[in-house]
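Welcome! Please have a look at the structure below, and then let us walk through some of its features together.

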Amino acid sequence: MNGIYEEIRLALHGIWQHRWMALGVAWAVAALGWLVIALIPNSYQSRSRIYVEQQNVLSTEIGVSEREQRANIERIRQTLASTENLEQVVRRTELASEAATPEQIRSLATQLKGRVTVAAEQDPTRIGEPGNMFEVSVSWNAPGLAREINQSLIDVFVERNLAGSRQEATQSVEFLDRQIAERESRLRELEESRAVFETQFAGLLPGTGTITQRIEQARAEFRNIESDLAAAQSSLSTVQAQLAATPPTVSTPGTYIPGGAGAAGPNTARLQALESQLADARGRGWTDSHPDVQALNRQIARTRAAAAGEGSGGSAGRTVGGGSTANPLYMSLRSMLADRQAQVAALTARRDQLRRGIQMLNNGDASDPASLAEQQQLDRDYQALQAQYTDLVADRERIRLRGDVALETDTGTYRVVDPPSAPTAPVSPNRPLLLILVLFAAIGAGVAAAFAKSQLKNTYATARRLGTGTGLPVLGAITEVVSATTAASRRQKFRRFAMASVALGGVFGMLMAVEFIQRGMAA
C-alpha cells in the first residue's frame with residue numbers, strides 16, 4: 001500500500017515539476033477545440049404533426065381495402081419529403097433568394113431532403129401497425145427559416161394531394177369511359193353477327209345459345225316428349241279397351257207403381273244412383289279390377305234383382321215403362337277417348353318436328369364444322385366482352401364514387417394537429433456539452449504531456465528511489481535550503497501559474513455565458 005502511495009506522490013511530483021508544460025498543452029488543446037466548436041453552424045429543428053384520414057365508413061363500403069390503406073400511408077410518408085415537393089418549398093421560402101437557377105433550386109432541395117424527416121406514428125389500436133398520424137421535423141441553421149420550411153412543406157403536400165387525388169380520379173374515369181365505349185362498339189358488332197347467324201337457323205330448333213347447345217336442348221326435350229307420348233298412348237289403349245267392353249246402351253227395368261200410382265220403387269232409384277256412380281268412376285279411368293268399381297258392380301247386381309222383384313207384386317200396383325237408354329259410362333269413355341287421341345296427336349307432331357330439326361342440323365349446312373366453329377367463337381367472344389364490359393362499368397362507378405368522396409370529404413382528411421414549432425435552441429451542436437468535454441480533454445492532455453515528460457528524465461525524486469535505481473546503499477539525504485529570494489521567486493511563479501489556470505477557466509465560463517445569451521436571444 002505504501003508503494004502505491006509513493007508512486008502516486010512521485011507521479012504528482014513529476015507533473016508538478018512540468019506544470020507549465022501541462023498548462024501550455026491545456027491552453028493549446030482548449031483553444032483549438034473551442035475554435036472548432038465555434039465554427040460548427042447551429043441547426044434548429046421545427047416539429048409538427050399532421051393527421052391524414054385514411055379510413056372511414058364510406059371508403060370501406062366503396063372498396064378501399066385495408067391493404068390499400070397501408071399502401072397509402074407508406075405513399076404519404078414517402079411523398080411528403082419528395083424532391084418535387086421540396087423544390088416547391090424552396091421557391092416559396094426565403095431559400096429562393098439563394099437559388100437563381102433551376103440547378104441551384106435542385107441543389108438546395110437535395111440538401112433540404114437530408115434535413116427533413118417524416119415518421120408515421122404507431123396506431124394505438126393496432127400494435128406494430130403505422131397509424132394516421134405523421135410527425136414532420138425540419139432542421140436548418142436559422143430557427144425562423146426552419147419553421148417556415150416546415151409550414152411550407154405541409155401546405156405543398158396538402159395542395160398537391162388534394163389536386164392529385166381529384167385529377168387521378170378524373171383521368172381514371174376518362175380512361176374507363178374510352179374502354180367501355182370500345183367494348184360497347186365491339187359488343188354491338190358481335191350482337192349483329194349472332195343475330196344474323198341465329199336468324200338463319202331460328203326455325204329449326206327452339207332455345208338459345210350455340211347450335212350444339214340447341215341440339216342438346218332439343219334432344220333432352222325429345223326424350224321427355226317420347227316419355228310423355230308413351231304414357232299417353234298407354235292411357236289411350238286403356239280407354240279404347242274400356243270403351244270396347246262397354247255397351248252404348250243399357251236396359252232399364254219398368255217402374256213399379258204401387259196401388260196404381262205412377263211412383264217408382266226405392267230399389268229402382270238406388271239402382272239408378274249406383275249406375276251413375278259407376279259411370280263417374282269409369283270416367284276417372286278406373287278399371288274393372290279397381291276395388292271401388294268391383295264393389296259398385298256387386299251393389300248394382302243386388303239392387304237390380306231387388307228392383308225386378310218390385311215389378312212382380314200383387315194387384316196393389318203395376319210395372320210400367322222399361323226398355324233401353326244411352327249408357328252414361330259409354331259417353332264418358334268416348335269423351336276421354338277424344339282427349340287421349342288429341343294428346344297423342346299433339347305429342348307425336350312435336351316429336352316429329354324435333355326429330356326433323358335435329359336431323360336437318362346434323363345432316364345439313366348448320367352442322368358444318370366451320371359454321372359450328374364460327375358460331376361458338378362468336379358466342380365465346382360475346383361472353384368475354386360482356387364480362388369485361390360489366391367489370392369496367394363497375395370499376396368506373398366505384399372510382400367515380402371515390403372521386404366524389406375525395407371531393408366532398410378531403411376538407412377534413414388532412415388536419416394539422418400540432419403546427420410547426422418555433423425552435424428556441426439549436427438541436428445541434430450541443431455546445432455546452434462540447435465546451436465541457438473540450439475543457440476536460442485539454443486538462444487531460446496537459447497532465448498526460450507533463451507526466452510523459454517527467455518519465456523521460458532519468459532523475460530520482462527520493463533517496464529510496466535513488467537506491468533502488470542504482471543498487472547502491474544511500475547513506476543520507478541533504479534537505480534543500482531555500483533562500484528568501486528563491487522562495488519569493490517561486491511564489492511569483494506560482495501566482496502566474498494560478499492566474500493562467502484561472503484564465504483558462506474564465507475563458508470557458510465566458511464561452512458558456514455567450515452560448516446561453518445567444519440561445520436567449522434566439523428564443
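This is a predicted model: local features need pLDDT of at least 70, side-chain atom pairs count only at pLDDT 80 or more; totals for chains, interfaces and linings use all residues.

D418 counts as partly exposed, because its relative accessibility is 32%; buried means under 20% relative accessible area, exposed means over 50%, and partly exposed lies in between (1.4 Å probe, protein chains only). The side chain of D418 meets that of R49 in a salt bridge, at 2.8 Å from N to O. The two partners come from distant parts of the chain: R49 sits in strand β1 (residues 44–52) and D418 in strand β8 (residues 414–418), 369 residues apart. R49 is partly exposed as well, with a relative accessible area of 25%.

Residues are numbered from 1 along each chain as its sequence is written, and side-chain values use heavy atoms, with hydrogens and water left out. Helices (H or I, at least four residues) and strands (E, at least two) are DSSP runs, numbered from the N terminus.

How many salt bridges does the structure hold? There are eight, each defined as a side-chain nitrogen of Lys or Arg within 4 Å of a carboxyl oxygen of Asp or Glu. In general, side chains of opposite charge can pair when their charged atoms come close.

One of them joins E103 and R106, with the closest N and O atoms 3.6 Å apart. Both residues lie in helix α6 (residues 102–113), three residues apart, which is about one turn of the helix. E103 counts as exposed at 51% relative accessibility, whereas R106 is partly exposed at 41%.

Another salt bridge brings together the side chains of D352 and R351 (3.5 Å, N to O). Salt bridges with shared partners join E226, R351, D352 and R355 into one network. Within it, D352 is partly exposed, at 24% relative accessibility.

## How helices cross

Helix α2 (residues 19–39) and helix α13 (residues 431–456) have axes that come within 7 Å and cross at roughly 155°. That makes α2 roughly antiparallel to α13. Axes are lines fitted to C-alpha atoms, for helices over the stretch in contact, and angles run from 0 to 180 degrees between N-to-C directions. Angles under 35 degrees count as roughly parallel, over 145 as roughly antiparallel, 65 to 115 as roughly perpendicular and the rest as oblique.

The axes of helix α5 (residues 83–92) and α6 come within 9 Å and cross at roughly 115°, so α5 and α6 are roughly perpendicular to each other.

## A nonpolar patch on the surface

Which residues form a nonpolar patch on the surface? They are I4, I8 and L12, with about 310 Å² of accessible area together. Such patches consist of residues with over 30% relative accessible area and no salt bridge, where like charges are joined within 9 Å and nonpolar side chains (Val, Leu, Ile, Met, Phe, Trp, Tyr) within 5 Å. Accessible areas come from the Shrake-Rupley method with a 1.4 Å probe, and for residues only the protein chains shown count as cover. L12 has its place in helix α1 (residues 2–17) and is exposed, with a relative accessible area of 53%.

## Far along the chain

V507 lies in helix α15 (residues 484–522) and is partly exposed, with a relative accessible area of 24%. The C-alpha atoms of V507 and A31 are separated by 9.3 Å, although the two residues are 476 residues apart along the chain.
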